[in-house]
Amino acid sequence: MSKRDFLSTADLSRRELDDLLELAARIKGKRPGQVLSGKSLGMLFFQPSLRTRVSFETAMVQLGGHCINLSSNDLYELEPQEQAVMDGRAEEHVMDAARTLSRYVDALGVRAAARVGTWEFDRQELLLRSYARYASVPVINLETNMGHPCQALADALTMRENLVSLKGRKLTLLWCNHPEPKSLGPTHSILEVAAMMGMDVTLAHPLGFEVDAEVLERSKTLARDNGGALQVVNDKDTAARGAEVLYARSWGCIKHWDDDEREAMVKRSLQDWKVDEALMAKTKDALLMHPLPVRRNVAATDGVLDGPRSVIYEQAANRTHVQKALLMQLLK
Amino acid sequence: MSKRDFLSTADLSRRELDDLLELAARIKGKRPGQVLSGKSLGMLFFQPSLRTRVSFETAMVQLGGHCINLSSNDLYELEPQEQAVMDGRAEEHVMDAARTLSRYVDALGVRAAARVGTWEFDRQELLLRSYARYASVPVINLETNMGHPCQALADALTMRENLVSLKGRKLTLLWCNHPEPKSLGPTHSILEVAAMMGMDVTLAHPLGFEVDAEVLERSKTLARDNGGALQVVNDKDTAARGAEVLYARSWGCIKHWDDDEREAMVKRSLQDWKVDEALMAKTKDALLMHPLPVRRNVAATDGVLDGPRSVIYEQAANRTHVQKALLMQLLK
Amino acid sequence: MSKRDFLSTADLSRRELDDLLELAARIKGKRPGQVLSGKSLGMLFFQPSLRTRVSFETAMVQLGGHCINLSSNDLYELEPQEQAVMDGRAEEHVMDAARTLSRYVDALGVRAAARVGTWEFDRQELLLRSYARYASVPVINLETNMGHPCQALADALTMRENLVSLKGRKLTLLWCNHPEPKSLGPTHSILEVAAMMGMDVTLAHPLGFEVDAEVLERSKTLARDNGGALQVVNDKDTAARGAEVLYARSWGCIKHWDDDEREAMVKRSLQDWKVDEALMAKTKDALLMHPLPVRRNVAATDGVLDGPRSVIYEQAANRTHVQKALLMQLLK
């Protein structure tokens, strides 16, 4: 019997996604009790975290379990390459860390979203996939450059709560400006989940900020298979028109993935890619979503983030609920 | 119904202070049980902590609850300014962090005692006050440059245990030398609490090490209103004479708040501002108090810190008990 | 009544060691329940940790207790010297930290394996011994340059499980190459424990990598007293011949303890001190042991580490079980 991981929204069937959201909705209203008593989740953070760290710890504690957190500050460097001759800086191989931790904890979460090499390299999620391969317990993706599936689950639950039925509803996923190059993880995951829910998705970004080609193709197929649609536009006003959900987020430039300065230069002319009241007015009274953290008054104005259609804190709150459902499925 | 914060001793009425100390004394003898079962306290440390971190975690665990700790090592930079255009280094606004964390935890503790600007700026406790403003759960001050109210509660409990009645008792709050510029937090809080208890307080420091003018005025009023007195002297021998409590601590120079080198220069001639056996001999067999950490043989000698009248570890131990009382009041 | 610490395997009598291993074996099969309910273990890590950190936290949680972890990232510098005039960088004396923490937690673990001075200085374990001296609760050595007794307990349990009786069995403790200078802690502890179990121990290392002379003498005496033997050889092939346990590990050069470059230079000609299939073939079908972390394909090849005789993950897993036994003995 093989263990189950949760590495990508692409691993979920539509049925599994629905089941997870169903369970999350059910336990949100009514605490499920100490069903994970005696169970522990180890979390490895190779980048800073606020929501993920605290929402998972809250989830485990409320289910009677326990979290053990390790951050890269507490650890030496780890080697992800197979058959490496480890005469460099890495003190331990991921395979040994994963196998060891599997003796202590019941599941492992890994945030591994560093920019290490080219996009072709980083899109392979070498570190996460190594943990998944060598751990004998379930491994959960806590964000890579390719995906942030827990965030997308919370987003889907939030949309269900606000829109009831998602099929055919118009969601615009809008690139926003940001002073730093960002992971594509949350972007890819919400794109796939919205497609899987059969939404009418518009992906809007300036030229040069294309998402991963394979993720885009898979999302198009998912949308089609589930009665939805997916189109890409490069104009934000067109994209906003008629949207029932405006999902704002910044992501990095794949073409200049290993050249931060180049990306920064490109973004200097893109400062109008920001969500403001004028843009919101073009939508069909859209819900405003953002996975946070958000650069206020750069990616979106205070006015819209704190406005009546903003559900950004509902998204954050729902992290706990979907993660409880996930943990129950993986660990019970 | 508004939530209650614990940001400053100045927020407490005398009655509330007495109630807190009463409750702390009562639960110290007899464990109150798992009264905070299922509750969690999030703690944000922007500076190192030993006592605060461990005493709060101990308090929560003994009450059946849970602590989630985030240190600045685990986090990106946060923006406290309202309406900021966030194109700098701060990755998230305090308002979003506070509102998000409020969805996960039942109370938030914040240590935010960095020297950021001038005294006029830092005395506003911008970071702490932002958390308090935006969190929907109670916020606890874990030390700022202006106050360290949890320490002062523990100090008051320690004095009550040793002196029984505090009204009219002579407490000398004595500045000591220290190689580093220090927060005024613990100084202000014990000053206010001693005044509130109606003690006969002597604040003793070299010229140039005045405390915050507003805190001093408020403390004078509090002393007067509660049957006590507050005087300031600039001579340590005068200050020690007749003291029943000698409370030693170093604090920074407000005038040179943003000029560490200048403060260091001034302190070079103040090396005799140290508590030793000779100074203790001038007191009325005073209790020796210090909030720790203490620079041994700089601020006070080993002899007095380890002497028969030292209650420094009782102060530390009482942190757990007063904080349990505080958490029960804020969270039950 | 004095508290009991666990600072070194040298503190254990043979009888005490047997009792600990007996208890560990017993609770491994059958969870002992919440016997440490309400108890907490404070852990201070002055160096990174994976196994120790997670196995102790797992052990406490499974026994119903709680861990509070402080790493040097979260703390200021601490002063271990008696009577120091603390006008330098250290913000607090170890004696104050130890006495304070003793008010909050029921036991303290300390990892203090930095290279601070000469071998003569570092072999004194100043930091660990200061905590043990000043804490009023039991102190556990989580690794110093002199010992790592918890690892040796796990190793002994692993050998018992695989070999049943240890008396007279041939164990070779083999130095391996490594790009960094390493602590002698795990080396010393397994040496003493193997000697204490009456094993026939061969310590094998290149010239210049002698272990601490006093530890070696004590180990020889222990071996003799318990019906075993201890010999030192400087040739790895001789050492491997007939071994029933091949325990591989790298350790630092005592002679060049404060000169990392010199050690690195010496090690350049020692690259054949590596465990590979050819070396294993010389043994009597030996168990392969290593305390981890291991530099794969430098200290030992993937082939032998992942081979049928490798018990490296059993060693890691047994950390939890022996530590549960230890905690029960110290805290119940």
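Q: Which residue of chain A comes closest to the rotation axis?
A: In this predicted model, that residue is Asn73(A), with its C-alpha at 4.2 Å from the axis.

Q: What makes the axis relating chain A and chain C a three-fold one?
A: Look at the superposition: chain A goes onto chain C by a rotation of 120 degrees, with 0.0 Å of shift along the axis and an RMSD of 0.0 Å. That is the relation of a three-fold axis, so the name follows from these values.

Q: How do you know that the copies use different surfaces?
A: Compare the contact residues on the two sides: 4% of those of chain A recur in chain C.

Q: What makes a residue of chain A count as touching chain C, and how many do?
A: The test is a C-beta atom, placed from the backbone, within 7 Å of one in the other chain. By that test, 24 residues of chain A are in contact with 23 residues of chain C.

Q: Which elements of chain A give two or more residues to the side that touches chain C?
A: They are the strands S1 (40–45), S2 (66–71) and S4 (92–93), together with helix H3 (94–104), of chain A. H3(A) gives the most, with seven residues.

Q: How do the residues of that side of chain A, the one that touches chain C, divide by class?
A: There are ten nonpolar, seven polar and seven charged residues on it. Gly, if present, would be counted as polar under this scheme.

Q: What describes the contact between chain B and chain A?
A: Here 24 residues of chain B meet 23 residues of chain A. On the side of chain B that touches chain A, H3(B) gives the most, with seven residues. That side of chain B divides into ten nonpolar, seven polar and seven charged residues.

Q: Where do the domains of chain A lie along its sequence?
A: Domain 1 takes 9–148 + 320–331, and domain 2 takes 151–315. Over C-alpha atoms, the centres of these two domains of chain A are separated by 25 Å.

Terms used:
Residues are numbered from 1 along each chain as its sequence is written. Chains are lettered from A and ligands numbered from 1 in the order in which they are written. This is a predicted model: local features need pLDDT of at least 70, side-chain atom pairs count only at pLDDT 80 or more; totals for chains, interfaces and linings use all residues. Copies are superposed by least squares on the C-alpha atoms of residues with pLDDT of at least 70 in both. Helices (H or I, at least four residues) and strands (E, at least two) are DSSP runs, numbered from the N terminus. Domain bounds come from an automatic or database domain assignment.
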